Amino acid sequence: MSFRFRGGKNASSGMGVADHCKGTFLELQRKKAHRYVIFKIDEKKNEVVVEKTGNPAESYDDFTSALPENDCRYAVFDFDFVTSENCQKSKIFFIAWSPATSRIRAKMLYATSKDRLRHELDGVHYEIQATDPTEMELEVLRDRVY
């Protein structure tokens, strides 16, 4: 049995993770069915849900423009690159998007719920915390994998 606290404690309790979050992540990881997955907190359901997926042909720009400008989100992005040995590789990035312009309550909810979602997404290689777009530019991803 789970209890939901009203008032100040609510933000610190963290959210549940909907079953389809893990399934959608596995489709990205194993089947390459998605380029990215964007997750959001559904406060009515008290859980993290899949908000949007990007098809494999979509670019990093498509992904970043799908994130809301003034609200928090979690996302995973499947980053393809070629190594210096000319090998095609792929690394999965978990991005915690928490823009400076988002509401304090949203920032708190996303901060306290992040670990639970991250725990469900087994196979993420890198994590990025971004408060503005420059902190998650494509160059930042490239720097992490090389």
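## A bridge between two strands

Phenylalanine 39 in this predicted model has tyrosine 74, a residue of β4, as its bridge partner. Strands (DSSP runs of E, at least two residues) and helices (runs of H or I, at least four residues) are numbered from the N terminus. β2 and β4 run antiparallel and are joined by four bridges, where two strands count as paired if DSSP finds at least two bridges between them.

Residues are numbered from 1 along each chain as its sequence is written. Because this is a predicted model, local features need pLDDT of at least 70 and side-chain atom pairs count only at pLDDT 80 or more, whereas totals for chains, interfaces and linings use all residues, and side-chain values use heavy atoms, with hydrogens and water left out.

## The sheet, strand by strand

The open sheet is built from six strands in the order β1-β3-β2-β4-β5-β6, and its pairing is mixed. Its edges are β1 (16-17) and β6 (126-130), each of which pairs on one side only. β2 and β3 form a hairpin with four residues between them, in whose turn asparagine 46 has a positive phi of about 60 degrees.

β4 and β5 run antiparallel and share ten bridges, with valine 82 opposite glutamine 88 in β5. Five residues lie between the strands of this hairpin, and asparagine 86 takes a positive phi near 65 degrees. The pair β5 and β6, by contrast, is parallel, with five bridges, and the path of the chain from β5 through α4 to β6 is a right-handed β-α-β crossover (with the strands pointing away from the viewer, the path from the first strand over the helix to the second runs clockwise).

## The largest nonpolar core

Which residues touch the most other members of the largest nonpolar core? They are Phe39, Val48, Tyr74, Val76, Phe94, Leu117 and Leu121, out of 23 residues in this core. A nonpolar core is a set of buried Ala, Val, Leu, Ile, Met, Phe, Trp, Tyr and Cys residues joined through side-chain atoms within 4.5 Å, and buried means under 20% relative accessible area, calculated with a 1.4 Å probe on protein chains only. At least two residues of this core come from each of α2 (19-31), β2 (36-42), β3 (47-54), β4 (73-82), β5 (88-97) and α4 (104-120), and α4 supplies the largest share, four residues.

Leaving aside neighbours within four places in sequence, valine 76 is in contact (heavy atoms within 4.5 Å) with residues including Phe25, Leu28, Phe39, Phe94 and Leu121. Apart from this core lies another, of 17 residues, among them Ile38, Ala75, Phe93 and Leu141.

## Phenylalanine 79

In soluble globular proteins, nonpolar side chains tend to be buried together.

The C-alpha atom of phenylalanine 79 is separated by 6.0 Å from that of isoleucine 92, although the two residues are 13 apart along the chain. Beyond its neighbours within four places in sequence, phenylalanine 79 is in contact with residues including Lys89, Phe93, Leu138, Leu141 and Val145.

How values were computed. Buried means under 20% relative accessible area, exposed over 50%, partly exposed in between (1.4 Å probe, protein chains only).
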